[in-house]
Amino acid sequence: MPEFKFDTYDFTTLVEDVEFERESRISAETAPRRHGTVVTEEVVLDAKVIILHGFYSAATEALARAEIDNMDKVLATTSTKKLSFYSGRQLNAYCRRFSPRFVEGTAMTAFRFDAEFYAADPFWYSTTETSTSVEPFQDTNFTQANSGSVYVFPTITISPMGAGIVPAFTFTNVTTGKSFSYSASIASGESLVVDTANFTVKKGGVSVYGNFSGTFLWLNSGDNSLKINKPGSVVAIAFYPRFFQP
C-alpha cells in the first residue's frame with residue numbers, strides 16, 4: 001500500500017481499502033433552431049472524493065478512544081490540508097466525514113473507520129515546487145517548462161536588477177497568446193508579485209491591482225515561451241506542477 005497521509009496524521013499502516021470518485025461534467029446548452037443541445041468543447045472535471053476505510057487496534061479501550069480523539073482533531077478542519085496517497089503527489093482536501101465504529105468482540109480495543117476526503121480542486125500536485133529566476137537583459141523570449149500534465153497558474157515576481165527600476169511593462173506567454181500589463185514602475189528594492197492562481201497583484205504586500213490589466217495567465221504543459229518587454233528586470237516564476245492522476 002502506498003503512503004496515505006492527511007496533514008500530520010499518517011494512515012499508511014491502517015488502510016484496508018481506498019475508494020476514488022471523480023465525476024466529469026459535460027456542459028450543454030440549448031440553441032435557437034436546434035434540436036437537443038450544443039455540448040461545450042471541453043469536459044469539466046468536478047470535485048474529487050476519496051474514501052478511506054481503515055482499521056486500528058490498541059491494547060486497551062482507553063488507548064483506542066484516545067486514538068479516535070487524535071484522528072478527529074486532525075480531520076476536523078475548515079481549511080484545506082495536504083492529502084498524499086502516492087509519493088511525490090498530493091491533493092488539497094478537506095475531511096468532510098469521519099465515522100469510527102468499535103469492532104464487536106474486541107472489548108472496544110479495536111475500531112474500523114471511514115474517512116471521506118473532498119478535494120474541490122481535482123488535480124494532484126507535485127510535492128516539489130518548481131522555482132526559476134531569469135534576468136532578460138533585452139526584449140527577448142525565455143522558456144519556462146511545466147513538467148505537469150495539465151496547465152498551472154504560477155506566481156510571477158518581477159523586480160529591478162540592481163539599483164535600476166522597472167517602468168511600466170507587459171508580460172506575455174507567447175505560447176498561449178495571453179498577457180498582462182502593469183502601468184506603474186517598480187523601484188529598486190521593490191518586487192511586484194502577481195499570484196495568478198488567487199488573482200492578486202501586490203507590491204510590498206499591498207494590493208496594486210488598479211495598475212494591472214489583462215489576463216491572469218497560465219502555463220501550458222510542456223515548454224512555454226515567455227516575454228517581458230523591459231530589459232533590466234528579474235523575473236521569478238514559482239508553481240507546483242499538477243497532474244490528472246496520482
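This is a predicted model: local features need pLDDT of at least 70, side-chain atom pairs count only at pLDDT 80 or more; totals for chains, interfaces and linings use all residues.

Residues are numbered from 1 along each chain as its sequence is written, and side-chain values use heavy atoms, without hydrogens and water.

The chain contains 1 helix and 22 strands, taken as DSSP runs numbered from the N terminus (helices: H or I, at least four residues; strands: E, at least two). Its radius of gyration is 24 Å, well over the 18 Å that the globule rule gives for 246 residues, so the chain is more spread out than a compact globule. Here the radius is taken over C-alpha atoms, and the rule is 2.2 Å times the number of residues to the power 0.38. The C-alpha trace spans about 75 × 60 × 30 Å along its principal axes.

Of the 246 residues, 37% count as buried, that is, under 20% relative accessible area with a 1.4 Å probe, protein chains only. Among contacts (heavy atoms within 4.5 Å) with a separation of 6 or more, 71% join residues 24 or more positions apart.

Strand β12 covers residues 141–146. In a regular strand the side chains alternate between the two faces of the sheet. Strand β20 (residues 222–228) runs antiparallel to β12, joined by 6 bridges; pairing requires at least two DSSP bridges. Within this pair, Gln144 stands opposite Asn224 of β20.

Definitions and conventions. Buried means under 20% relative accessible area, exposed over 50%, partly exposed in between (1.4 Å probe, protein chains only).
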